[in-house]
Amino acid sequence: MNLTLGQRLQRAFVIALCRTPAPIARLLARPPVNRAGERMAPDIALLMKIAGAGNDYSDLPVTDARKVTETDAAVFADRVAPCAVEQEVEVSAGLWATRYSSERPASGLILFFHGGGFALGSRAGYAAPARMLAHGTGADVLSVEYRLAPEDPYPAAHDDALAAWRYAVDHAAGWGIDPNRIVVAGESAGGNIAAVLCQQVRGQPVQPMLQVLVQPVTDISVRRPSQDEFADSPALSAKQIDWFMGHYVPEGTDQHIPRLCPLLADDLTGLPDAIVTVAGFDPLRDDGLAYAAALLESGVRVDVIREEGLVHGYIAFTAVSRSSKEATNRLVAAVAAALREQPVRPVRPIGRVGEIA
């Protein structure tokens, strides 16, 4: 996305402000402390002051909100060098994805679902974290442009995720990747999509080797304490969450089904190892922690990364917040370490994946 002069100046100003030395930033922003005793990072506190003074996209029609958030993504996200291969692929009729590849033998394939409350977000808006994952892990990344609400409400995004999974399994060997080395990853709404997908393909001949759930929403049927504590967060407010759900969930839908709320599944045994990241000042923090605990209780190996001083959506703030970039690098390093734990096996072509119930 090409920024206007005003947007470039805004980006430069926010970067300079958020790089204020921490002692001065603490004086300017007075970083809050949450109920757990965690203090917000000074650069994030400054960023939240700026964001809190701006307009709220949930006051806009969804098409206008998308324009605002795409511009924000271009302003706040890091400039990450393109990958050697950035290939547009049609997963199924009208469903597109971007494959990011270094063109060297890949350590695996990361099937990635962007955030945006099921109504906002895009592959383009999440190009920076997709490239960071590709460069930092040595894996290819397949970033999916799943359908959005309200034009395509629940369960369209989950249907697209299944189609993308089948495509990834069918095409991995052609890209020189063992289909058994596919990581399913997503942020926020994308984390929900990734978690649900792992449950739906459980028991299939090919399953994900790892699920990476970045600040996931895992249960929309209840409000957990973090949603009340951070209801006014400029990064994600209670008002915005209601706006998202109003677009995404058709009236009369049962909100207690695992395809909406993966935390409510009766059985979580046999799911892939997981990396779950949460932020100390995120209304979805308790969703992520609850799902991590449920996985652990079911015998699933889980690595919880708790970014105490950060807010929702930090992987989108990597240009303007050093704290966010460091946290995103920690996430990338954790995924890379998980890929290294399992040795790469010779690629053996397989048949097309069967239908998934």
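Trainee: Let's start with Cys83. Why does Cys83 count as buried?
Mentor: The model is a predicted one. In it, Cys83 has a relative accessible area of 9%, and buried means under 20%, so Cys83 counts as buried.

Trainee: And Cys261, buried or exposed?
Mentor: Buried, because its relative accessibility is 0%.

Trainee: How many disulfides turn up in the whole structure?
Mentor: A search of the whole structure finds zero.

Trainee: Changing topic. How many aromatic pairs are there?
Mentor: The count comes to 10 aromatic pairs. One of them is Phe112 with Tyr126, a tilted pair with 6.2 Å centre to centre and 45° between the planes.

Trainee: Where do Phe112 and Tyr126 sit in the chain?
Mentor: Phe112 is in strand 3, and Tyr126 is in the loop between strand 3 and helix 5. They are 14 residues apart, and the pair links distant parts of the chain. Phe112 is buried at 3% relative accessibility, and Tyr126 is buried with a relative accessible area of 12%.

Trainee: What about Phe118 and Tyr248, why is that pair called stacked?
Mentor: The ring centres of Phe118 and Tyr248 are 3.7 Å apart and the planes are at 5°, so the pair is stacked. Phe118 lies in the loop between strand 3 and helix 5, while Tyr248 lies in helix 9 (residues 238–248), so the pair ties together parts that are 130 residues apart in sequence. Phe118 and Tyr248 are both buried.

Trainee: Which residues do ring pairs link into a cluster?
Mentor: Tyr57, Trp243 and Phe244.

Trainee: Back to strand 3. What does Phe112 stand opposite in strand 5?
Mentor: Phe112 stands opposite Ala185. Strand 3 and strand 5 pair in the parallel sense over five bridges.

Trainee: And on to strand 6, how do strands 5 and 6 pair?
Mentor: Strand 5 and strand 6 (residues 210–214) also pair in the parallel sense, over five bridges. Within that pairing, Glu187 has Val214 in strand 6 as its bridge partner. The chain gets from strand 5 to strand 6 by way of helix 7 (residues 189–200), a β-α-β crossover that is right-handed.

Trainee: How many residues of strand 5 are buried?
Mentor: Six of its six residues, which are 182–187. Ile182, Val184 and Gly186 are on one side, with Val183, Ala185 and Glu187 on the other, and both faces are covered. In a regular strand the side chains alternate between the two faces of the sheet.

Trainee: Now helix 5. Mostly covered or mostly open?
Mentor: Helix 5 (residues 127–137) is mostly covered, with nine of its 11 residues buried. Among them are Pro129, Arg131, Met132 and Thr137.

Trainee: What do the buried residues of helix 5 pack against?
Mentor: They pack against strands 1, 2, 3 and 4 and against helix 11 (322–341). Just after helix 5, Gly138 takes a positive phi of about 80°.

Trainee: Last one. What does UniProt place at residues 110–315?
Mentor: An unreviewed UniProt entry places the feature "domain: Alpha/beta hydrolase fold-3" there. In the model, that span is 33% helix and 16% strand, and its end C-alpha atoms lie 16 Å apart.

How values were computed: Residues are numbered from 1 along each chain as its sequence is written. This is a predicted model: local features need pLDDT of at least 70, side-chain atom pairs count only at pLDDT 80 or more; totals for chains, interfaces and linings use all residues. Side-chain values use heavy atoms; hydrogens and water are left out. Buried means under 20% relative accessible area, exposed over 50%, partly exposed in between (1.4 Å probe, protein chains only). Helices (H or I, at least four residues) and strands (E, at least two) are DSSP runs, numbered from the N terminus. Contact means heavy atoms within 4.5 Å. Two strands pair if DSSP finds at least two bridges between them. A crossover is right-handed if, with the strands pointing away from the viewer, the path from the first strand over the helix to the second runs clockwise. UniProt positions are given in the numbering used here, feature names are shortened, and annotations may be inferred rather than shown by experiment. Rings of Phe, Tyr and Trp (its six-membered ring) pair if their centres lie within 6.5 Å; planes under 30 degrees apart count as stacked, over 60 as edge-to-face and the rest as tilted. A disulfide is a pair of cysteine sulfur atoms within 2.5 Å.
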